[in-house]
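Have the structure open as you read.

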Amino acid sequence: MLEWVSEVFWQEHLWFPEGLGWADLEDRDGRVYAKARDLWVALPIAVLFLVIRQVFERYVATPLASLLGLKETVRRRVTHNLTLESHYCNTTKNPTQSSVEKLCKQTGWTERQVQRWFRRRRNQDRPNLLKKFREARTAALHIFPAQPNALNYMKPWLYDLEEMWKGFPTLTLLSSQYWYYMLELGFYTSLLFSLASDVKRKDFKEQVIHHVATIMLISFSWCVNYIRAGTLIMFMHDSADYLLESAKMFNYARWKNACNYIFILFAAIFIVTRLIIFPFRIMYCTWVFPVTLYPPFFGYYFFNGLLMVLLCLHIFWAVLIIRLAFRFLSSNSSVEDERSDREETDESEEEEQMRNGEIKKSGPAQNGHATYNNNHSKTE
């Protein structure tokens, strides 16, 4: 069965244009080509990245956070209540007004006590700023695998995109391309492994799709010797990522101006590279130019299909970035990641206003209902 699946999977007409096949990628005359078996090297590299991450977070990121005045927040623990805990874990973290009333009857607590319990319980599950700061170490880890591709600056396919396909598929593999591919594949594999323990953001599903599509894109382009196109695409994507992580670190450290300036630079580079250069230059070259050399085949559609997935994700994130940029530019506030949950106070907005004397009078039933609605409307 496995042998049959392998034969079907590696059929040449799926991977190559008509008239070309695996025999064309056999090493000869001192010319070395990419091999599918080389991809196994990325697994130990991924493990190494995970180890480096733990060492970096413990011995570099944590002391750095302390120097910047960022300390771990000690949150108030909730009173243990089996009924509320069961509802929180098995039903919902944000109970409706009718559910709150039922829970009040079951526990003998007031609505305000139940609502406060759920606010504190949600806060317990939220990662604190120190954890987010440590995870922003991605910038330092991402710059490292991006460096080998600097050797491609002087290669003709960097500025003449048609050179990506000149001589395809017999494109000799460079040592810089080999290590760039292995490091990038190992890096994104480690990111996929660490998603389960990382801070959960609102674009978690999009992150999973992005990492899976990227791993498939890197692996496929390696196997069919789309090396030149692959290195250019990865380099372009790496160009803005370290700026985003740097902006996060300054944001968590409360360095407002540095965060804002870096974010604006990141937004400009992101939009130019991923919404202009990527679709109108790189994808044009991978979609239009190859069909002038050979008829379309499965690998052609598969490769460009993965690029379309990335483009859709770029548009999704660009909308968030532009909306965030307009918000803080118009209000002169600091940048806040919309994908992250916001911490809730123990008191609802209305309760805080009442304490400050801003609300003169409010009936008990009315107050309880308004308190819940105000809290429930917050972005979590």
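Predicted model: local features only at pLDDT ≥ 70, side-chain atom pairs only at ≥ 80, totals over all residues.

Residues 208-227 are 85% helix and 0% strand, with the end C-alpha atoms 24 Å apart. In its unreviewed entry, UniProt lists this stretch as a transmembrane region, along with residues 39-56, 178-196, 258-280 and 300-326. Residues 258-280 are 100% helix and 0% strand, and their end C-alpha atoms lie 32 Å apart.

Helix H10 covers residues 204-223. Its 20 residues reach 29 Å from first C-alpha to last, close to the 28 Å expected at 1.5 Å a residue. Just after H10, Asn 225 takes a positive phi of about 65°.

## A buried aspartate

Now follow the chain to helix H11 (residues 227-252), where you will find Asp 238. What does a buried Asp 238 have around it? Asp 238 has no salt bridge, as the nearest side chain of opposite charge, Arg 274, is 6.6 Å away, and a salt bridge needs the atoms within 4 Å. The Asp 238 side chain does make a polar contact with the side chain of Tyr 180, at 2.8 Å.

## Aromatic pairs

The structure holds 21 aromatic pairs. One of them joins Phe 263 and Phe 266 in a tilted arrangement, 6.0 Å centre to centre with 45° between the planes. These two are about one helical turn apart, because they sit three residues from each other in helix H12 (residues 256-287). Both are buried: Phe 263 has a relative accessible area of 4%, and Phe 266 one of 3%.

Elsewhere, ring pairs link Trp 15, Trp 165, Phe 220, Tyr 226, Phe 298, Phe 302 and Phe 303 into a cluster.

Key. Residues numbered from 1 in each chain as written. Heavy atoms only, no water. UniProt positions renumbered as here; feature names shortened; annotations may be inferred. Helix = DSSP H or I, 4+ residues; strand = E, 2+ residues; numbered from the N terminus. Buried < 20%, exposed > 50% of the residue type's maximum accessible area, 1.4 Å probe, protein only. Lys, Arg positive; Asp, Glu negative; His and termini not counted. Polar contact = N/O pair within 3.5 Å; in protein donor to acceptor, adjacent residues only side chain to side chain. Expected span 1.5 Å × (residues − 1). Phe/Tyr/Trp six-rings, centres within 6.5 Å; stacked < 30°, edge-to-face > 60°.
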